[in-house]
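Subject: Structure handover

Hello,

Here is the structure we discussed. Please open it alongside this note; my findings follow below.

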Amino acid sequence: MTDMAIPSGGIPWITLVLFLPLVGVVTILLAKEELAKWIALAFSLVVVAASLPLWAMFDVSTPAMQFVERHSWIASPPINYAVGVDGISLPLVLLTTFLGPLCVLVSWTAIQTRVREFMISLLVMETATLGVFVSLDFVLFYIFWEIMLIPMYLLIGVWGGPNRIYAAIKFFLYTLTGSVLLLVAILVLFFEGGQTFDILALSKAEYDPSLQNWLFWAFFVAFAVKVPMFPFHTWLPDAHVEAPTAGSVVLASVLLKMGAYGFLRLTLPILPDATAAFTPIIMTLSVVAIIYGAYMAFAQADLKKLIAYSSVSHMGFVTLGIFAFNAQGVEGAILQMVNHGITTGALFMCIGIIYERTHSREIVDNSGLAKPMPRFATFLVIFGLSSIGLPGMNSFVGEFLVLIGTFLWSKLAATLAALGVILAAAYILWMLQRVVYGVPSSHMAPKLYDMNWREMSMLLPLVGFVFWIGLYPKPLLDVMHASVNNLVQQEVRVMTVQDQPVKNTEQYVIATPHPSSALLESEAQ
Amino acid sequence: MTIPLADLVTILPEMIVVFAACVLLVLDPITPPSKKDWLAWMSLGALVVCFFITGATMNDRVFAFSDLVVVDAYASFWKLLLYLVSGLTILLSMTYLKEEGIDLAEFYGLILLSLTGMMVMVSGADLLVIYLGIELMSIPLYIMAGFKRFEARSIEASAKYFILGSFSSGILLYGISLLYGAAGSTRLADIAVAVDARGLEDPLVLIAMMLLIVGFGFKVAAVPFHMWTPDVYQGAPTSVTIFMAVASKAASFGAFLRVLLEAFGGVKPNWNGPILVICIGTLVLGNIVAVVQTNIKRMLAYSSIAHAGYALVGLVVVGWAGTEGAVASRGVSSVMLYLAIYSFMTLGAFSIVAILRRGGLEGEELEDFTGLSKRHKGAAFLMLLFMVSLAGIPPTAGFIAKLYLFMAAVDAGLAWLAVVGLVFAAVSAFFYLRVVMVMYMREPSATQEIETRLALTPTTTVVLACAVAGVVLLGIYPSPLISVTTFAAIPFR
């Protein structure tokens with residue numbers, strides 16, 4: 001597998017996408033405070049525009065890294081500025097860039113103090129998260145992974161709710177402590193994998209199984225805290241509840257994906273033996289997260305907390321799909337990452353919209369909104385149903401693929417995970433019933449007015465994505481196929497070495513290239 | 001006895017600094033108070049000249065005065081760092097001393113004398129020369145620590161530093177005398193021969209080595225020899241604290257490494273055990289005790305103890321059995337890189353404390369930083385950068401320093417030590433980030449808005465700009481510094 005570097009003289013699209021937000025930061029610093037949000041919006045839109053060529057010029061037929069740029073950064077030890085995208089990272093890059101302007105829009109009137117610093121934090125955040133998805137050098141990856149901490153800490157701690165300081169510190173310490181072992185693991189890999197930090201080269205090297213076991217858990221803690229997997233999820237509800245709306249959107253839509261992406265890009269390719277050995281544990285934790293998250297979501301009176309716990313549940317599907325280790329599971333997981341980004345991001349925006357009016361996130365204070373806010377109610381119902389996984393909407397496709405993948409791995413796990421889908425339907429519908437159709441609370445009535453054009457404009461694109469992915473996911477799945485198959489075949493190789501030939505037929509089935517898309521096309525028709 | 005001219009040329013920078021110090025002390029009484037700044041500029045001029053001389057001769061390896069003094073890339077690296085730190089300390093003091101009302105030109109003379117001592121320390125190839133350097137460094141520091149002579153805290157710091165410092169010098173001297181007994185010489189090369197001949201188990205060598213480790217442990221403020229640090233750092237005038245926390249620590253590490261490697265290089269297993277214990281103790285205690293501090297100077301004092309612990313990780317790497325040649329030299333260069341980067345961030349953080357004024361006093365309590373981001377955006381942001389860098393979070397230089405250090409550790413097979421170090425780095429993030437939290441997430445009270453101001457003058461601006469440039473540029477583009485430290489570590493390959 002060789003890189004497809006950009007031709008010399010070509011435009012370095014990834015670098016553009018990656019650093020344009022920082023150009024925006026400099027511009028904001030130089031301009032007047034009143035212009036800050038306009039500049040942030042402009043730059044985040046330019047980033048969207050700059051990321052479109054990545055999609056348009058992406059070659060779906062190859063698993064190789066594309067648009068690769070490599071420059072030596074530090075000579076000894078060799079640390080490179082190496083970036084590129086493949087079918088696994090491209091969807092996440094696009095998700096991140098598309099959510100950029102929406103995060104600015106959602107903060108348009110909600111953020112009144114220190115607007116300049118807020119917009120700077122958002123843009124730095126965008127660069128950091130994009131950097132994680134495009135890095136091909138392990139140290140570069142780690143640097144972006146850590147840079148993200150500071151702006152998020154400020155977003156929660158400065159513009160957050162009443163208990164924001166506690167939530168910010170908890171978020172910071174959890175994620176920082178989680179990544180401590182990651183750095184040591186990176187350094188150990190450097191010396192064991194041939195004195196390189198190149199992620200692709202490290203993926204090709206072979207490691208001693210007992211070393212792999214250690215490295216696996218070092219990676220696991222870092223990624224599991226970010227996902228977050230049960231039992232490392234406790235920072236998430238606090239962070240979500242206290243964060244400002246844009247912070248919650250970034251957190252749910254992009255930040256949580258970093259952990260799952262870490263599993264896909266690093267754990268699976270670099271440590272295949274350890275992954276195979278520990279899959280049952282991870283699958284168990286994923287199923288627990290799905291059920292537990294859903295169960296906890298039932299009990300929440302605070303809308304944001306409810307969605308936060310539903311995130312734990314939905315991210316359980318993602319890890320389930322990743323560790324099911326077959327084409328359907330992994331593609332479903334990536335798709336589900338995008339879906340969760342769209343749907344949960346949209347739900348947090350919806351909550352932000354009501355919070356701006358009633359200054360409460362309690363369900364009892366925000367009931368019966370269908371009458372005073374019909375447009376809002378429509379959007380909330382659409383995204384609520386999308387979160388449940390209603391056929392024809394985005395989450396259905398992702399969860400369906402994940403469940404197929406899981407079923408091939410273990411029927412019990414798939415059955416239990418399917419239970420999570422039912423629970424999701426129950427708690428979301430119950431929430432919708434109360435918020436949309438419940439008895440209006442009289443003291444909030446005067447504060448309610450329906451959505452304006454700005455609010456519509458940030459939710460409408462997301463509605464588009466919900467139905468596009470729900471009805472015609474092929475373009476997105478096509479992007480993933482080559483990379484995912486390449487990844488999965490590598491795993492199958494390892495498993496065949498480990499297991500006895502008896503299972504070979506089954507593995508052949510697993511490795512069959514994407515029956516999923518055919519299946520889904522027939523579904524859509 | 002005649003002194004060859006070549007020998008004098010070798011120590012030209014030292015002579016320039018001493019000469020400048022003497023001229024300064026002579027000129028001080030006859031200079032009118034309004035012209036005192038000229039004396040500071042003069043001392044800066046001397047440092048700039050020395051910087052170029054040392055920079056130009058960095059490639060040489062010259063012995064002088066019958067092998068008592070060596071000027072090699074290693075010594076030159078430390079000297080360059082020391083000039084820089086001393087220069088920035090002088091620039092900061094030009095404003096700070098006026099604010100504190102202790103505007104005496106002797107101060108600059110004392111800084112230069114102390115700097116001479118540090119230069120002698122890192123250039124010494126003989127234990128007695130190193131000892132002389134240590135004393136020459138320490139005595140002006142004792143005086144400067146008590147420079148706020150009307151303040152009990154400052155006097156206490158001075159007295160405490162003096163008593164404990166003399167005590168540690170005595171221990172060091174005792175060790176040196178035992179080694180003289182063993183080797184019949186105090187030259188590092190002769191001692192190395194004697195140590196190799198006597199071997200690992202010889203009690204005389206063992207005791208002498210332990211005494212030296214204790215003596216240097218005092219100077220670098222490593223646990224359990226750190227007791228003086230918090231009180232002295234807190235009580236001394238802040239610009240003196242900077243000089244102690246950065247320059248004196250760097251020089252002590254420079255001399256410590258050379259003594260361990262050149263005199264005891266043959267018995268590495270004998271000292272890496274004690275150093276490992278000291279290293280872990282320093283990491284644990286420095287970081288944990290810093291968590292409960294409410295005075296920023298005191299917190300930074302514990303943080304500087306903790307950072308000594310990180311630098312000691314490099315020493316452990318160097319001494320670890322089985323690490324030879326390239327690995328050991330990477331250990332040395334990682335210590336140098338760490339201390340160079342540490343200098344920028346610690347200098348920056350202390351400088352903010354020095355220029356933040358509350359009434360006529362320094363804003364050194366954590367409370368004084370409440371809501372700083374509302375009152376002084378720039379200062380708050382710089383403090384944020386320094387804190388983030390001290391915690392070792394990218395893209396700041398503090399991350400690069402830790403990356404190289406722990407890389408050397410993993411290379412030497414000490415992955416577990418890297419884990420310990422990084423776990424305590426996460427602990428340290430708690431108290432560094434608390435400063436950020438106080439600055440950005442709390443509202444300033446009305447009285448604070450009125451009472452506090454920034455003593456921002458052209459000189460303090462230059463100091464802050466240098467510190468922040470170091471923290472940011474070395475974080476983004478560390479290659480030049482890395483190649484310099486790699487080159488400077490070559491003598492120990």
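Helices here are DSSP runs of H or I, at least four residues long, numbered from the N terminus. Please keep in mind that this is a predicted model.

Salt bridges first. The search of the whole structure gives 29 of them over all chains.

Start inside one helix. B:E262 and B:R258 meet through their side chains in a salt bridge, at 3.6 Å from N to O. Both sit in helix α11 (residues 238–264) of chain B; because they are 4 residues apart there, about one helical turn separates them. B:R258 is buried, at 1% relative accessible area. B:E262 counts as partly exposed, at 24%. The cut-off for buried is under 20%.

B:D231 and B:K160 form a salt bridge, with 2.4 Å from N to O. B:D231 belongs to helix α10 (residues 228–235) of chain B and B:K160 to helix α7 of chain B, so the contact ties together parts 71 residues apart in sequence. B:D231 is partly exposed, with a relative accessible area of 23%. B:K160 is partly exposed too, at 27%.

B:R153 bridges to B:E364, and their closest N and O atoms are 3.1 Å apart. This pair links distant parts of the chain, 211 residues apart. B:R153 lies in helix α7 (residues 152–183) of chain B, while B:E364 lies in the loop between β4 (361–362) and α15 (372–375) of chain B. Which of the two ends is buried? B:E364 is, with a relative accessible area of 6%. B:R153 counts as partly exposed, at 30% relative accessibility.

That third pair does not stand alone. B:R153 and B:E364 are part of a network of salt bridges that also takes in B:E99, B:E100, B:K148, B:E151, B:R357 and B:R453.

Now to chain A, and away from charge. A:L412, A:L416, A:L419 and A:I422 make up a nonpolar patch on the surface. Together they have about 390 Å² of accessible area. One of them, A:L416, lies in helix α17 (residues 411–437) of chain A. A:L416 is partly exposed, with a relative accessible area of 35%. Patch residues must have over 30% relative accessible area, so A:L416 passes that cut-off.

Best regards

How values were computed. Residues are numbered from 1 along each chain as its sequence is written. Chains are lettered from A and ligands numbered from 1 in the order in which they are written. This is a predicted model: local features need pLDDT of at least 70, side-chain atom pairs count only at pLDDT 80 or more; totals for chains, interfaces and linings use all residues. Side-chain values use heavy atoms; hydrogens and water are left out. A salt bridge is a side-chain nitrogen of Lys or Arg within 4 Å of a carboxyl oxygen of Asp or Glu. Helices (H or I, at least four residues) and strands (E, at least two) are DSSP runs, numbered from the N terminus. Buried means under 20% relative accessible area, exposed over 50%, partly exposed in between (1.4 Å probe, protein chains only). Patches are made of residues with over 30% relative accessible area and no salt bridge: like charges are joined within 9 Å, nonpolar side chains (Val, Leu, Ile, Met, Phe, Trp, Tyr) within 5 Å. Accessible areas come from the Shrake-Rupley method with a 1.4 Å probe; for residues, only the protein chains shown count as cover.
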